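Visitor: I would like to learn how to read a few features of a protein model, one at a time. Could we look at it together?

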Amino acid sequence: SDFTLTKAKIRGVESRGMLCSERELELSDEHDGIIELDPGAKVGSPAAAALGLTDPVIQFEVTPNRPDTLAVRGVARDLAAAGLGTLKPKVTPEIDGAFPCPVPIGLRFDPGTEDACPVFAGRVVRGVKNGPSPDWLQQRLKAIGLRPINALVDITNFISYDRARPLHAYDAAKVTGEIHARLGRKGEKFLALDGKDYDVDADMCVIADDSGVLGLAGIMGGEASGSSERTTDVFIESAYFDPARTARTGRRTGIVSDARYRFERGVDPADVIEGLDAAVAMVLEICGGEASALEVAGASPEPRTVIDFDPAQVERLTGLKPGKDEIVRILSDLGFDVGADGSALSVTAPTWRPDVEGPACLVEEVARIVGFDKLPETPLPRPFAIARPILTERQKRVRLARRTLAMRGMTEAVTWSFVPRAHAELFGGGADALVLANPIAADLDCMRPSALPGLLAAAGRNMARGIADLALFEVGPHYARDR
C-alpha cells in the first residue's frame, strides 16, 4: 500500500492505530475486510499463533541432479533413510470410473519423435463445484510462496510439490475433439496463462485439440482452456515429457514455471497414473462430482539402471567402513532394489533417480547418509621435505621482468583484452575471426593483437587528467588468430 501509518484524528479523537486487512499487512491479497481472529487471542501474544501461522517452514537448496527432492516425499525419504523419522507408505487411491472418458486422448508424433511424450493420460471429473480451496490447503500453498487461485488449480499445485508430479486441469467444455500431444507447427501461437502470446515452432512439444494449441507441454497451459470457478467438468492431464526438449522450449520462450523446473530435470515416469489418481481423489473429496474411466495413450518409459556393486568400493573410495548389512539398509531405504549374489550386490535404481549411473553413485549415496562429517582425514604423502620448484623458465622470466620494471619506477597495468577494431588494425590485427559476436561494449569489439593499444589508451586517459609523468607496463595475452 502506498501510505504510511501515522497518528490521525478520527471524529476528533487522536488515533494511534489502524484496523488492517490481510493485503495491507502483506499477508495475502484479501482486502474485503479486517482480519477476524480467534476470540481467545490475547493482546500482546504472538500474532503468528493468533493467525494460525505456527507451522514450521523449512527452506533448502536442491541440486540439479536430484529432481526427486523437488517433492516433499523425496525429502522425507532421504530424512527417513538418515534415521530422522519414518517414511509413511505411499497411498494410491483406487478410482473406479463411473462412465467412459468423454475426452479422447492421443499421441500424434512422426517416427523418431515419439520420445517427446511417450505417455499421456487423463480423466474427466464431471459435476464439480469449483471455488476457494479449504483453509488447510490454502495455508500450505501460502507457506511455500504460492497464491491460492481456486480448488482445481490449488490441487494440481499441491500434487506438484507433494510428489513432484506436475499436472494440468482443463475445462472439459472448452476442449474441442481429441486432446493430444504433438510437435508444434511453424506459425502457431497461443495465449498462455500468464497473459502473454507465444510463438510455437516445430521443435516444441505442445498439447492441442482439434482447434489448435492448448499449451506448451511441461511448461504452461493456455488461457482459453484453463479452469475457472464456472468449470463444472474438468479434464485432468498427467504425462511424461522429454527433459531436453522441455528445457529447450523453456529457454526459447523465457517461461519459468514450476512445471518446467521439474520436467526439465526429470520427473518420475512411473508416477504418471498414480499422480493423476491422487489428484482426482482430492478433486472428488473437495469439489465433489464423479470421475470417468482412465484414458491413456502410449506407455510410461521404464528406465531401469541395474548396477553390479561391490560393497568394498565404499571403503576404497571414501574410507568409511559401514557393514554390508548397513549398506543394503541405506540403499533399500532410499528406494533401490537390492539383491545379493555372494559378496556382490545387484542394485536397481528407482525410476525417480535419473542421476544414478554406476557404482560411484551408490558409494555417494551411502556416504551422504552415513555422513560426510564422518569421512576420515588422511594427510597426503609428502615425498620431499622441501617443495620442488614448480615454475617454468618462462614463468620465471615473466616474474623477473615484472620485478625489474617495478623497481625502475614503472606501474603495472591490467587492461582489457578487447580493443576497438580500428585500434587493432593499426597494430596488425582486426581480422574478422577476432571480432566478438557479443562484445561487452560497442568500442571493445575485437581481440587485441598486442598489449600496446591498451597501454596507449591508458596513458592517454591519464594525460587527459593532467598526469604527464607516467610509466606503464603490462604482461598479458595477445591474439593473432582465433585458435
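Visitor: With which residue does K396 form a salt bridge, and how far apart are the closest N and O atoms?

Guide: A word on the model before the answer: it is a predicted one, in which local features need pLDDT of at least 70 and side-chain atom pairs count only at pLDDT 80 or more, while totals for chains, interfaces and linings use all residues. Residues are numbered from 1 along each chain as its sequence is written, and side-chain values use heavy atoms, with hydrogens and water left out. A salt bridge is a side-chain nitrogen of Lys or Arg within 4 Å of a carboxyl oxygen of Asp or Glu. Here K396 forms one with E393, and the closest N and O atoms are 3.6 Å apart.

Visitor: Why are K396 and E393 separated by about one helical turn?

Guide: An α-helix has 3.6 residues a turn, so residues three or four places apart point the same way. K396 and E393 are three residues apart in helix α11 (residues 393-407), and therefore about one helical turn separates them; helices (H or I, at least four residues) and strands (E, at least two) are DSSP runs, numbered from the N terminus.

Visitor: Which parts does the salt bridge between R421 and D432 tie together?

Guide: The closest N and O atoms of R421 and D432 are 2.3 Å apart. R421 lies in helix α12 and D432 in the loop between α12 and β20 (446-447), so this pair ties together parts that are 11 residues apart in sequence. For burial, the terms are buried (under 20% relative accessible area), exposed (over 50%) and partly exposed (in between), with a 1.4 Å probe and protein chains only. On that scale R421 is partly exposed at 26%, whereas D432 is exposed at 62%.

Visitor: In what order do the three strands of the open sheet lie?

Guide: In general, strands of a sheet pair through backbone hydrogen bonds, either parallel or antiparallel; as a criterion, two strands pair if DSSP finds at least two bridges between them. The order here is β15-β17-β16, with antiparallel pairing. The edge strands, each pairing on one side only, are β15 (306-309) and β16 (337-341), and the twist averages 20 degrees from one strand to the next. Four bridges join β15 to β17 (residues 344-348), and F309 stands opposite L345 in β17.

Visitor: Which helix lies across β15 and β17?

Guide: That is helix α10 (residues 359-370), which runs at about 75 degrees to β15. Axes are lines fitted to C-alpha atoms, for helices over the stretch in contact (heavy atoms within 4.5 Å), and angles run from 0 to 180 degrees between N-to-C directions.

Visitor: Which residues of helix α5 are buried?

Guide: In α5 (residues 243-253), the buried residues are R245, T246, A247, T249, G250 and T253. What covers them includes β6 (179-183), β8 (197-199), β9 (205-209), β10 (212-216) and α6 (258-263). Just after α5, G254 takes a positive phi of about 80 degrees.
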